[in-house]
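Hello,

Here is the structure I promised to pass on.

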Amino acid sequence: MDLWSLEPVALPAELEALRTNVRAFLAGELAAGRIASRCDQWLGGWDPGFSRRLGERGWIGMAFPERYGGSAAGALARFVLTEELLAAGAPVAAHWIADRQTGPGLLRFGTEEQKQAFLPRIARGECFFAAAMSEPDTGSDLASVRARGTRADGGWRLSGTKVWTSGAHRAHAMIVLARTEPRTADRHAGLTQFIVELPDPAVRIRPILLLTGEHHFNEVVLDDVFVPDARVLGEPGSGWHQVTGELAMERSGPERILSTFPLLAAAMDDLAERGDQAGAARVGTLVARLWALRQASLAVAGRLDAGAAPAVEAAAIKDLGTRFESVVTDTVRLLSRVVPDPGSDRRLPRLLAESILHGPGFTLRGGTNEILRGVVAKELGVR
């Protein structure tokens with residue numbers, strides 16, 4: 001792999017009209033008080049009403065074909081929309097996973113019945129998904145999955161425990177990765193993805209609270225859950241291949257570099273008001289770094305749009321991106337003259353507090369930095 005051969009992607013000029021429309025819509029939402037700008041809203045900003053308003057405008061499922069309720073605008077149009085939503089700190093968590101990875105996964109591997117059952121509802125902002133991959137004591141090493149799927153009459157029975165399952169307590173369904181064949185030397189073989197509709201009496205969902213006391217992550221216990229054959233996603237045993245493609249979407253998006261952008265913007269305003277030239281220069285280096293990461297993220301979006309699965313490139317960008325987001329928080333903390341306060345009416349103290357308190361989760365979701373570097377090292381042949 002030559003990561004730095006990522007081809008630059010120029011956004012088509014017609015997408016500038018979309019960007020203008022999205023900015024106008026968001027300005028109206030903020031002015032009306034229907035939403036508030038916050039950091040890390042793609043994880044913490046669960047607002048079904050806002051998701052439905054996006055769905056009404058055709059801004060969910062932009063990469064879905066029209067026959068499944070999408071707008072067929074494509075991945076690059078979705079990239080523009082996503083940038084604007086994240087930059088504004090809009091509450092997009094409810095539909096995020098369904099739009100980002102479940103929908104494309106259903107399109108690629110799902111049956112026609114599954115597509116008809118879920119994609120139009122996702123595009124309308126009426127059906128939300130969770131992704132149940134990580135497990136206790138295994139970190140981000142998905143190949144060590146211990147949740148098991150056992151053949152049953154007319155379907156499968158799932159048992160095991162998942163952790164860090166964002167939004168499972170509110171989602172309408174989740175995609176569960178489970179081992180369905182005896183483990184062999186090939187740790188990637190024998191894994192299968194299942195669609196588990198919620199709520200289900202055999203699924204227990206327990207909160208894993210953030211430092212703020214907010215509830216986004218969960219521990220999910222699967223206690224002999226029955227899943228009919230009609231809810232197997234793709235071919236049994238092909239789960240690793242499917243998940244690898246899914247992770248490319250999950251790891252490379254602009255959410256990995258823009259979770260703390262509202263804080264960066266607030267800091268720039270504060271420095272300008274105070275005439276702090278030295279501070280502005282420090283922030284300027286962050287903006288330059290953000291621009292480079294944005295180009296890399298966009299290049300991966302271009303590859304995804306072309307039908308490729310750039311999993312290794314996505315892993316590298318997530319590692320760089322989540323470290324950048326933490327640097328933003330640390331730099332603003334050093335430069336600002338405010339005390340972090342999550343209850344403050346002032347923008348900068350509140351956004352700084354949100355970024356600090358959400359920071360520990362940046363590397364957890366989508367794979368820790370150590371796992372991601374292992375993925376890159378293996379590709380480079382140094383591991």
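A word on terms before the details: a residue is called partly exposed when its relative accessible area lies between the buried limit, under 20%, and the exposed limit, over 50%. Please keep in mind that this is a predicted model.

Start with Glu83 and Arg294. They form a salt bridge, with 2.6 Å between the closest N and O atoms. Glu83 sits in helix α4 (residues 75-87) and Arg294 in helix α10 (residues 277-305), so this pair ties together parts that are 211 residues apart in sequence. Are the two partners buried or exposed? Glu83 has a relative accessible area of 9%, so it is buried. Arg294 is buried too, at 13% relative accessibility.

This pair also belongs to a network. Salt bridges link Glu83 and Arg294 with Glu16, Arg19, Arg23 and Glu84.

Next, Arg274 and Asp276. Their salt bridge has its closest N and O atoms 3.7 Å apart. Arg274 has a relative accessible area of 28%, so it counts as partly exposed. Asp276 is partly exposed as well, at 22% relative accessibility.

Last, Asp137 and Arg146. Their side chains meet in a salt bridge, 3.8 Å from N to O. How exposed is Asp137? Its relative accessibility is 76%, so Asp137 counts as exposed.

To recap: Glu83 is buried, Arg274 is partly exposed, and Asp137 is exposed.

Best wishes

Notes. Residues are numbered from 1 along each chain as its sequence is written. This is a predicted model: local features need pLDDT of at least 70, side-chain atom pairs count only at pLDDT 80 or more; totals for chains, interfaces and linings use all residues. Side-chain values use heavy atoms; hydrogens and water are left out. A salt bridge is a side-chain nitrogen of Lys or Arg within 4 Å of a carboxyl oxygen of Asp or Glu. Helices (H or I, at least four residues) and strands (E, at least two) are DSSP runs, numbered from the N terminus. Buried means under 20% relative accessible area, exposed over 50%, partly exposed in between (1.4 Å probe, protein chains only).
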